[in-house]
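Dear colleague,

I am passing a structure on to you, and below it you will find a careful account of what turned up in it. Please keep the picture open beside you as you read.

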Amino acid sequence: MSRVLLSVLFSCALSGSATAQGYDGLCFPGNDCTGPVPISGNTFFTCEENCEMEEPTSVRGMDAVLFDVTCRGDSGTFSYRMMLARIMTADGLGTFAITNDAITPLVQCEQ
């Protein structure tokens, strides 16, 4: 099974370069404070911050885009990098937010 998954991932990586794509309609799973957190354009809102995804950079050989994220709120401003990547899993194609300390699957927002 793992060989099949690796083969699919390798094939996807060779299929072309990524482009900056819209992520509208996808949500971070959220928590008790926020519930699901929708991505709208290049922004998303947490319980206490408004965050903006800036400087989208396609990741060569992957269906992924790297962003500089700046969040502003009552506690001040902070920045970090986040990659949004579409990855084939055993359950099918999924989109994941990858930061230095977490990999979070994004979900379809309920409309």
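A residue is called buried when its relative accessible area is under 20%, exposed when it is over 50%, and partly exposed in between, with a 1.4 Å probe and protein chains only. This is a predicted model, in which local features need pLDDT of at least 70 and side-chain atom pairs count only at pLDDT 80 or more, while totals for chains, interfaces and linings use all residues. Residues are numbered from 1 along each chain as its sequence is written, and side-chain values use heavy atoms, leaving out hydrogens and water.

Let me begin with the disulfides, a disulfide being a pair of cysteine sulfur atoms within 2.5 Å. By that rule there are three disulfides, and if the bonded cysteines of the protein chain are numbered in sequence order, the pairing reads 1-6, 2-3, 4-5.

Cys 33 is joined to Cys 47, with 1.5 Å from S to S, and this link is right-handed, with 45° about the S-S bond. Cys 33 lies in the loop between strand 1 and strand 2 (35–38) and Cys 47 in the loop between strand 3 and strand 4, so the pair ties together parts that are 14 residues apart in sequence; strands here are DSSP runs (E, at least two residues), numbered from the N terminus. Cys 33 counts as partly exposed because its relative accessibility is 46%, and Cys 47 counts as partly exposed because its value is 44%.

In the disulfide of Cys 51 and Cys 71 the S to S distance is 2.1 Å. Cys 51 sits in strand 4 and Cys 71 in strand 5 (residues 64–73), so this pair ties together parts 20 residues apart in sequence. Cys 51 is buried, with a relative accessible area of 3%, and Cys 71 counts as buried at 2%.

Cys 27 and Cys 109 form a disulfide with their sulfur atoms 1.8 Å apart, and it links distant parts of the chain, since Cys 27 is in strand 1 (residues 26–31) and Cys 109 in the segment after strand 9 (107–108), 82 residues apart. Both Cys 27 and Cys 109 are buried.

Turning to the sheet, six strands form an open sheet in the order 3-4-5-6-7-8, with antiparallel pairing, where two strands pair if DSSP finds at least two bridges between them. Strand 3 (43–45) and strand 8 (103–105) stand at the edges with a single partner strand each, so one side of each is left without a neighbour in the sheet.

Methods:
Helix = DSSP H or I, 4+ residues; strand = E, 2+ residues; numbered from the N terminus.
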